[in-house]
Amino acid sequence: MTVDALTDVAGLRVGHATRTGDGWLTGTTVVLAPEGGAVAAVDVRGGGPGTKETDALDPRNLVRKVEAIVLTGGSAYGLDSASGVMAWLEERGRGVRVGTDPAHVVPVVPAACVFDLGRGGDFRARPDAAMGRAAIEAAAASALGAGVREGCVGAGTGAVVGPLKGGIGTASTVLDSGITVAALVVANAAGSAMDPETGVLYGELFQGRVKYPEAHVHEAARLRLAEAAAESAAPPLNTTLAVVATDAELSKAQAQKLAGTAHDGIARAVRPVHLLNDGDTVFALATGVRPLDAERPLALNDVLEAGADVVTRAIVRAVRAAESVEAPGGTWPAYEELYGRR
């Protein structure tokens, strides 16, 4: 049974750590791979990324597999959360072996951050190593194949998409070959997920399942969004992050191609994307359970197409799962509060 989430890729677990109130509006999300790791790659296209250990994922470099990936709030400060994840993995001997002693490992933990500083009111309220540890402990404690909480949790706690509240979203699909492709997204973009003329989500236009809101509903939403924008002084410094995963057997180069084409899924759901004040980053994970069809040289194309599609769906789900927030750092209405579920 699938749950339409990243955890439909067998062996992957997701954990969130969230903190709100008293100046806080941020969190960390960890994707935990099966023990022994998963083939990993990355593609960074935003003009203002905040990342850690992404060079290690270059197909030309040594590290082939990773045990975990960290997505976090707190801008570059929040990357400290990866230290807590590293410590947890080291305690369990999970990482790159660097000696004869099994305990001598260096966990390579790629991480990327979104900008949410000050949105809860306190600029210094941001994730640290303890929050990273809490997120990976939550992932490890979850059951295999468990559903993933969406909306204002983990790294999506303080996320904003244009004038709307953003958050965490996830989606999956199973190809005719039996291969599973899934995505988890932190939707936090300087661009908008919504067509300003109609109120329709761009991602739903792409999916072809659109019911346009009534004119009076859209007009009321536009007025509310204008009021909220006037109340918010936060700078438009954002980033959309994604982890795209599959149970297919991929090389690092193929995984990097998957990460690259998955950016198309962001571009379908958010306009504009990859700006100088975005840090849009997509990680790819491949657990290697199912080989690609050796008789079809272009079999990877099916995985690439699906990767972009599930990213689009995950962004739509993130925006729809978000809840309105009024905090000292600003006011961000939720899409479904404005338009309802159609």
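The model is predicted: local features need pLDDT of at least 70, side-chain atom pairs count only at pLDDT 80 or more, and totals for chains, interfaces and linings use all residues. Residues are numbered from 1 along each chain as its sequence is written, and side-chain values use heavy atoms, without hydrogens or water.

Helices (H or I, at least four residues) and strands (E, at least two) are DSSP runs, numbered from the N terminus. Two strands pair if DSSP finds at least two bridges between them.

**The open sheet.** Six strands run in the order β5-β3-β15-β14-β13-β12, with mixed pairing. β5 (65–66) and β12 (167–174) each have a single partner strand, so one side of each lacks a neighbour in the sheet. Ala 38 stands opposite Val 66 in β5.

**Helices across strands.** Helix α5 (residues 252–269) lies across β3, β14 and β15, at about 45° to β3. Helix α6 (residues 300–321) lies across β12, β13 and β14, at about 145° to β12. Axes are lines fitted to C-alpha atoms, for helices over the stretch in contact (heavy atoms within 4.5 Å). Angles run from 0 to 180 degrees between N-to-C directions.

**Strand β6.** Five of the five residues of β6 (residues 68–72) are buried, so the strand is largely enclosed by the rest of the structure. Buried means under 20% relative accessible area (1.4 Å probe, protein chains only). Ala 68, Val 70 and Thr 72 cover one side, Ile 69 and Leu 71 the other.

| Pair | Sense | Bridges |
|---|---|---|
| β3 and β5 | antiparallel | two bridges |
| β2 and β6 | antiparallel | five bridges |
| β6 and β9 | parallel | three bridges |

Val 30 has Val 70 of β6 as its bridge partner.

Note on methods. Buried means under 20% relative accessible area, exposed over 50%, partly exposed in between (1.4 Å probe, protein chains only).
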